[in-house]
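Please read them with the structure open.

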Amino acid sequence: MKNNITILLAGIFLVSCKSTSQTAGVQLFPADKNATPETVTLYQNLFKSREKGYFFGHQDALAYGVNWRYEEGRSDVKDVTGDYPAVYGWDLGRIEDKAEKDLDGVPFSNQKRYVQQVYKWGGINTFSWHMNNPLTGKDAWNNEPGTVASVLPGGTKHELFKSWLDNAAAYFLTLKGKDGKLIPILFRPYHEFTGNWFWWCKNTTTPEQFKALWKFTVEYFEAKGVHNLLYVYNTSDSGVETKADFMEYYPGDAYVDMVSFDIYQGGEEAAKRDKFAADTHRLVGIIDEVAREHNKLSAIAETGFEQIPYATWWTETLTNAIADRKISYVLVWRNHGWNEYMTPPRMHYYAPYKGHKYEADFVKYYNQPETLFQKEATKLNLYKK
C-alpha cells in the first residue's frame, strides 16, 4: 500500500510539474520560429521577471505629457517618481497612408528615435495599430460589417490590405539599435476585438474570419523577414465573462506569445470603482489560467482611470485587483492633456503629472516591491541571456 501511495504521489508531482512548466526552468520559445536572438531572449526573460513583479507601462510616454510636447528626456512618470516607465506604448496608426505622423500626431521619425532610446535603456516597446478601415477608407472606428472579409485572400480589398502590411513591415525593419540589431517589439494587432467599436471587432466578423486575419498577418510579416515581433492577443473587458469567451477567437498557440485584455474605470462612484476592481480581478484570473495552460505570457495591455480623481487608486484599487497574479506588465493610456476634440472637452490623462492632487499615492505605488519601472528593467538586462 505504501509503495502504491508513493507511485501515486510521484505521478501527481509529475503532472504538477508539467502544469507549471513556465516556472520550472523549461525553455520556451516565441511563436515565430525564426525570431531574432534578442526577441527570443526578451521573451524568455519576461517569463523569469514575473517572479520579481510586473512592469509598469505608459502610452506615448516620451513624446508628450499633460503640459508639454517633445521635450527631450522628459516623461510625466519620471517627473513624479524620478524614474521612467519600463514599458512604452506606441501606435502604427497612419503608417498605412505613409503619413509623416501617427494618429496621435507623433512624427514617425520621433517615434522611431524613442523606440531606439527605450531599447538602449533596456526597456520594452509595444505597438498597437488603429488601422484605417480598408473597405470604406474611414478610420478604425468605422466598424462596417464585412470589412474583415474584404481583406482576406480573395476579398476586394486584399491587395490594398497587403500594401498596408508592407508599410508596417518596412517600418518594423527600420527599428534597429545602435548595435545594428532589430529591436524586439510586443505587437498587439486587432486589439479589443470583443468590443464593438473597431472594424475587426466580433460584432462585424466571425471567429473563423478573425483567426484567418490574425494568421495571415503573422505569416505575411514572417514572409517579409520581420522576425522581431512577439504577438499579443488582446480582448476588451466587454464581452468576456468566462475563459470560453476569452478563447473564442484565439488563433492558436503557434500564432500567439502573450494573452491580455484592456479595461478602464468609467466613473468615480464607489459602485463603478468596485466594478472595475472586480472585473479586473476576474479577467486577470482568466488570463493567468490561459497563460499557464498554453505556456504564454500575460498582461493588462491598457488600463487606467482618466484624471485619477481618487486618493488611493494605485495602491488600493489597481494593486488589489491584480493581487498576487503573475503578469508581465500593466500599461496605462496616454497623457494627452487638454483635449478639445473630446465630448465634453476635458483634461485627458491616465498617469499623474508633477503637481497632481494624488501624486503621492503613485509614488507609493512606484515604491512597492512588485512594481517594476525602467531602473529595474535596466538591471534585469532583458535582452541578454
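Which residues of helix 7 are buried? The points below start there. Keep in mind throughout that this is a predicted model.

1. **Helix 7.** The buried residues of this helix are Pro207, Phe210, Leu213, Trp214, Phe216, Thr217, Val218, Tyr220 and Phe221. Helix 7 runs over residues 207–223, 17 residues in total. From first C-alpha to last, helix 7 reaches 24 Å, close to the 24 Å expected at 1.5 Å a residue. The cover over its buried residues includes two helices, helix 5 (147–151) and helix 6 (158–172). Strand 6 (185–188) and strand 7 (229–236) are also part of that cover. Just after the helix comes Gly225, with a positive phi of about 85°.

2. **Ring pairs.** The count of aromatic pairs comes to 43. Take Tyr88 and Trp121: the ring centres are 6.3 Å apart and the planes stand at 45°, so this pair is tilted. Tyr88 sits in strand 4 and Trp121 in helix 4, so the pair ties together parts 33 residues apart in sequence. Are the two partners buried or partly exposed? Tyr88 is buried, at 0% relative accessibility. Trp121 is partly exposed, at 22%. A second tilted pair is Phe193 with Tyr233, at 5.3 Å centre to centre and 55° between the planes. This pair links distant parts of the chain, 40 residues apart. Phe193 is in the loop between strand 6 and helix 7, while Tyr233 is in strand 7. Both Phe193 and Tyr233 are buried.

3. **Salt bridge Glu72–Arg113.** The model has 20 salt bridges by count. In one of them the side chains of Glu72 and Arg113 meet at 2.9 Å, N to O. Why does this pair tie together separate parts of the chain? Glu72 lies in the loop between strand 3 (68–69) and helix 3 (76–81), and Arg113 lies in helix 4 (residues 108–121), so the bridge joins parts 41 residues apart in sequence. Glu72 is exposed, with a relative accessible area of 65%. Arg113 is partly exposed, at 35%.

4. **Salt bridge Asp104–Arg334.** In this bridge the closest N and O atoms are 3.6 Å apart. Asp104 is in the loop between strand 4 (87–91) and helix 4, and Arg334 is in the loop between strand 10 (329–332) and strand 11 (337–339), so the pair ties together parts 230 residues apart in sequence. Arg334 counts as buried, at 10% relative accessibility.

5. The side chains of Arg282 and Asp279 form a salt bridge at 3.4 Å, N to O. The two residues are three apart in helix 9 (residues 270–294), so about one helical turn separates them. An α-helix has 3.6 residues a turn, so residues three or four places apart point the same way. Arg282 is partly exposed, at 26% relative accessible area. Asp279 is buried, at 14%.

6. **A salt-bridge network.** Glu71, Arg74 and Asp79 are linked in a network of salt bridges.

7. **Glu302.** Is Glu302 buried or exposed? Glu302 is buried, with a relative accessible area of 3%. Its place is in strand 9 (residues 297–303). Leaving aside neighbours within four places in sequence, Glu302 is in contact with Arg188, His191, Glu192, Phe261, Asp262, Ile263, Tyr264, Leu331 and Trp333.

8. **Ser328.** This residue is in the loop between helix 10 (313–322) and strand 10. Ser328 is buried, at 2% relative accessible area. Which residues does Ser328 touch, not counting those up to four places away in sequence? They are Leu46, Arg50, Tyr54, Phe55, Met258, Leu297 and Ser298. Arg50 is 278 residues from Ser328 in sequence, yet their C-alpha atoms are 5.8 Å apart in space.

How values were computed:
Residues numbered from 1 in each chain as written. Predicted model: local features only at pLDDT ≥ 70, side-chain atom pairs only at ≥ 80, totals over all residues. Heavy atoms only, no water. Helix = DSSP H or I, 4+ residues; strand = E, 2+ residues; numbered from the N terminus. Buried < 20%, exposed > 50% of the residue type's maximum accessible area, 1.4 Å probe, protein only. Contact = heavy atoms within 4.5 Å. Expected span 1.5 Å × (residues − 1). Salt bridge = Lys/Arg side-chain N within 4 Å of Asp/Glu carboxyl O. Phe/Tyr/Trp six-rings, centres within 6.5 Å; stacked < 30°, edge-to-face > 60°.
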